[in-house]
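Please look over the sequence and the model below before reading on. The report that follows takes up charged pairs and then a pair of helices.

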Amino acid sequence: AVAHFAQGHYSASEREALATVAENPLRLDTHVLLGQIYLETKKLQQAETHLLRALTIDPASTMAHYYTGRLLYRQKRYAAAATHLQQVLTEQPDDFWLRYELGRALQQAGQNAAALHYYQQALALSRRPEALVAIGALYLLEGSAREARTHFLQALDVDPHNPEAHINLALLDLEDGRPAIAIDRLRRVLARGNSPQAQRLLDEIRRRMDNN
C-alpha cells in the first residue's frame with residue numbers, strides 16, 4: 001500500500017490498505033495512510049473516518065494530528081485545523097511547511113498575530129518566498145504598506161517570477177496611483193502562465209481607467 005501510494009497509484013494503494021485494516025482494524029499507520037489516500041483523491045468524508053479512527057487508537061499520533069489538520073483546513077474548519085497542527089510542533093522542530101500551514105490556518109481563523117508568529121518561524125527555518133509573501137500579505141491587511149512591499153520585494157529576490165508577490169505589488173502600485181506600472185507587472189505575470197487572480201486585477205484596473 002505504501003509503495004503504491006508513493007508512486008501515485010491511489011486505487012491500488014487504497015485496495016491494499018483496506019485489506020490490511022480488514023485483517024487488523026487497529027493498524028494505526030494504515031488508517032493514517034488511508035486518510036492520506038482520501039485526501040489526495042478528494043474523498044474528505046472517508047479521510048475523516050480513518051483519521052479519527054487513527055486518533056482513537058493513539059490520541060498522541062503526530063502523523064494522525066498532522067493529516068487531520070490538513071483535512072480540517074480543506075473543510076474550512078480553520079481553528080480546529082490549527083489545534084491539530086499545533087500538536088505536531090514539538091515532534092517536527094525543523095519543518096518549514098508545518099509552520100507555514102499552521103500560519104495559514106490561524107490567518108483564516110482570524111488570528112493574524114498568531115499567524116504572523118508562525119510565518120516568521122517558518123521563515124527562520126528557510127527563506128522561502130511563500131513565507132515572505134504570507135508575511136507581506138498580513139502587513140497589507142493591517143494597513144502597513146511599506147512593510148508589505150518590503151516583504152514582497154524580498155520574495156522576488158528569492159524567486160523573481162513569484163506570481164503572488166508580483167500581484168500584491170501591483171495592488172500596492174495601484175493604491176499608490178501608479179496604474180501603468182501595475183498593468184505592466186500583471187501583464188508579465190500573465191505572459192508566464194494563466195493566473196485568474198492577476199487577470200481579475202488587470203480587468204479591474206482597466207475598468208477604473210475607462211471610467212476616469
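## Salt bridges and a helix pair

Eleven salt bridges are found when the whole structure is searched, a salt bridge being a side-chain nitrogen of Lys or Arg within 4 Å of a carboxyl oxygen of Asp or Glu. The model is a predicted one, in which local features need pLDDT of at least 70 and side-chain atom pairs count only at pLDDT 80 or more, whereas totals for chains, interfaces and linings use all residues. Residues are numbered from 1 along each chain as its sequence is written, and side-chain values use heavy atoms, with hydrogens and water left out.

| Salt bridge | N to O distance |
|---|---|
| Glu130 with Arg128 | 3.2 Å |
| Arg178 with Asp173 | 2.9 Å |
| Asp176 with Arg178 | 3.8 Å |

For accessibility, buried means under 20% relative accessible area, exposed means over 50%, and partly exposed lies in between, with a 1.4 Å probe and protein chains only. Asp173, Asp176 and Arg178 belong, together with Arg149 and Arg185, to a network of linked salt bridges.

Turning to the helices, which are DSSP runs of H or I with at least four residues, numbered from the N terminus, the axes of helix 2 (residues 10-23) and helix 3 (residues 28-40) come within 10 Å and cross at roughly 150°. Such axes are lines fitted to C-alpha atoms over the stretch in contact, and the angles run from 0 to 180 degrees between N-to-C directions. Helix 2 and helix 3 are therefore roughly antiparallel to each other, a term used for angles over 145 degrees.

Contact here means heavy atoms within 4.5 Å. On the helix 2 side, Tyr10, Ser13, Glu14, Ala17, Leu18, Thr20 and Val21 meet Thr30, His31, Leu33, Leu34, Ile37, Tyr38 and Glu40 of helix 3. By class, this contact has eight nonpolar, four polar and two charged residues.

Which residues does Ser13 touch, not counting those up to four places away in sequence? Ser13, whose place is in helix 2, touches Ala1, His4, Phe5, Leu33 and Ile37 on that count. Ser13 is buried, its relative accessible area being 0%.

Methods
Helices (H or I, at least four residues) and strands (E, at least two) are DSSP runs, numbered from the N terminus. Angles under 35 degrees count as roughly parallel, over 145 as roughly antiparallel, 65 to 115 as roughly perpendicular and the rest as oblique. Ala, Val, Leu, Ile, Met, Phe, Trp, Tyr, Cys and Pro count as nonpolar, Asp, Glu, Lys and Arg as charged, and the others, Gly among them, as polar.
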